[in-house]
Amino acid sequence: MTGLAWTPDSWRGLPAAQQPRYRDAAAVDAALAELRELPPLVVAEEVDHLRALIAEAAAGKRFLLQGGDCAEAFADCRGAIIQDKLRVLLQMSVLITHGGRTGVIHLGRIAGQYAKPRSGDTEVVDGREVPVYRGDLINGVDPDQREADPRRLLEAYHRAAATLNHLRALVDGGFADLHNPEHWDLPWSREDAGHYLETLDQVRASLDFVKCLGGLPEHLRTGELFTSHEALHLPFETALTRWAPEKGAHYNLGAHFLWIGERTRQLDGAHLEYIRGLANPIGLKVGAAMTPEELRQVLSKLDPQRQPGRLTLITRFGAGKAGRVLPGLIEAARAEGHPVLWSCDPMHGNGRTTAGGLKTRAFGDILQELREVADLHRTHGSRLRAVHFELTGEPVTECTGGVEGLDEAGLERAYKSGCDPRLNRSQSLEMAFLIAQMMRRA
Ligand SMILES: O=C[C@H](O)[C@H](O)COP(=O)(O)O
Ligand SMILES: C=C(OP(=O)(O)O)C(=O)O
């Protein structure tokens with residue numbers, strides 16, 4: 001699996017973008033040494049299982065739903081918040097399953113999504129220039145806590161472990177049971193819910209029917225949940241990388257799935273070097289600047305064996321831009337024979353800042369990109385079998401639009417994200433209804 005001369009440390013010495021600068025190098029080394037000894041958060045068997053499921057999605061037999069916070073906050077490592085995140089993913093999953101007549105893989109941006117790449121090194125808060133917030137793994141969102149702090153490396157591990165422990169308990173304890181009525185309280189009035197109610201009634205009827213037949217088999221009843229985060233902080237990720245002797249391969253066992261972001265995917269950079277040797281299924285963000293030739297080179301680096309389930313290409317172009325770029329990329333992947341899973345992240349190309357300085361995204365732009373990308377795949381003989389969203393189960397006000405008609409003036413009401421705006425629960429569910437409709441029509 002590993003390429004020539006790859007080791008978990010072979011990225012060192014290559015240019016590594018977006019790495020924090022710490023003042024106390026000895027404290028970083030001590031934290032990393034401790035991390036290397038701590039138990040892994042996931043096991044290689046689960047990772048292999050996810051890779052097999054992703055291979056099925058790429059072959060059109062499943063659908064991958066990846067979603068969660070932009071930047072998980074340590075302070076949000078709380079039962080109710082974790083439960084809300086799981087609930088919204090599961091609700092979306094049921095709608096997509098129903099609409100697409102397909103099994104859904106649940107992949108949270110959760111239990112480790114603590115590091116953020118940023119456009120600049122500093123920002124101005126209340127008239128003061130401070131280092132930019134890079135995620136709780138590195139510094140604090142509070143402008144007085146912006147120095148990179150090595151103690152956060154261990155804190156991140158422990159918060160991720162606690163989050164994952166709670167998620168596993170919820171799933172094992174039946175919270176993920178599709179029949180559970182608590183999943184089905186919609187956040188809208190009957191009027192607002194409009195024609196979604198009809199779909200919901202059909203979903204309910206289907207679940208009742210299955211119940212009459214004796215219920216779903218065990219493996220379908222408790223939805224599995226996998227974890228993912230951006231592999232950004234390379235020393236941290238390396239410390240969570242383990243040799244699995246029974247598999248003869250290296251795995252990052254800090255999450256089931258890791259991805260490389262748009263800002264760190266340089267061909268000769270440290271991030272691609274690090275990730276290429278892992279046995280995990282991996283993702284790569286693909287922005288509008290990616291050329292077919294560059295994609296060919298990336299594919300041969302990350303998936304030389306053309307392994308099903310290995311690579312998910314997560315496009316993030318912005319509404320109105322996919323038509324110019326995507327057909328060439330689809331053709332390049334096909335010509336090279338890579339069995340990639342195509343995913344659409346309609347969030348990261350659609351950000352803008354309001355006059356009042358809040359980062360937001362419009363529900364309409366997000367939906368437009370999703371529709372454009374799905375159509376382009378269809379017309380170019382490819383298939384979109386995955387989506388990637390920044391979302392939360394909480395009633396935040398960060399993105400505009402949706403059934404509730406949130407406008408810019410309403411954003412300040414409950415704006416919580418430390419970095420980019422997320423779909424709230426209502427907007428996430430509406431998006432799932434619309435994805436389900438799209439799939440049914442297709
Ligand atoms: O989530 C993605 C990036 O971290 C984020 O969009 C960067 O935001 P910035 O341009 O404000 O730094
Ligand atoms: C930073 C992210 O995305 P991108 O690399 O696509 O900008 C992200 O998904 O958190």
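Predicted model: local features only at pLDDT ≥ 70, side-chain atom pairs only at ≥ 80, totals over all residues.
Residues are numbered from 1 along each chain as its sequence is written, while chains are lettered from A and ligands numbered from 1 in the order in which they are written.

Visitor: At what angle do helix α1 and helix α4 pack?
Guide: Helices here are DSSP runs of H or I with at least four residues, and strands are runs of E with at least two, numbered from the N terminus. Axes are lines fitted to C-alpha atoms, for helices over the stretch in contact, and angles run from 0 to 180 degrees between N-to-C directions. For α1 (residues 25–37) and α4 (residues 151–172) the axes are 8 Å apart, and the angle is about 25 degrees.

Visitor: Are α1 and α4 roughly parallel or roughly antiparallel?
Guide: Angles under 35 degrees count as roughly parallel, over 145 as roughly antiparallel, 65 to 115 as roughly perpendicular and the rest as oblique. The two helices, α1 and α4, are therefore roughly parallel.

Visitor: Which residues surround ligand 1?
Guide: A residue is near a molecule or strand if its C-beta atom, placed from the backbone, lies within 6 Å of it. By class, the shell of ligand 1 holds three nonpolar, three polar and three charged residues, where Ala, Val, Leu, Ile, Met, Phe, Trp, Tyr, Cys and Pro count as nonpolar, Asp, Glu, Lys and Arg as charged, and the others, Gly among them, as polar. The residues are Cys70, Lys116, Pro117, Arg118, Ser119, His348, Gly351, Cys419 and Asp420.

Visitor: How many charged residues are in the shell around ligand 2?
Guide: Around ligand 2 lie Cys70, Pro117, Glu230, Gly261, Glu262, Arg263, Lys285, Arg316 and His348. Two of these residues are nonpolar and two are polar, and the number of charged residues is five.

Visitor: Is aspartate 126 buried or exposed?
Guide: Aspartate 126, in the loop between β3 (122–125) and β4 (128–131), has a positive phi of about 50 degrees although it is not a glycine. A residue is buried if 20 or more other C-beta atoms, placed from the backbone, lie within 10 Å of its own, exposed if 12 or fewer, and partly exposed in between. With 6 other C-beta atoms within 10 Å, aspartate 126 is exposed.
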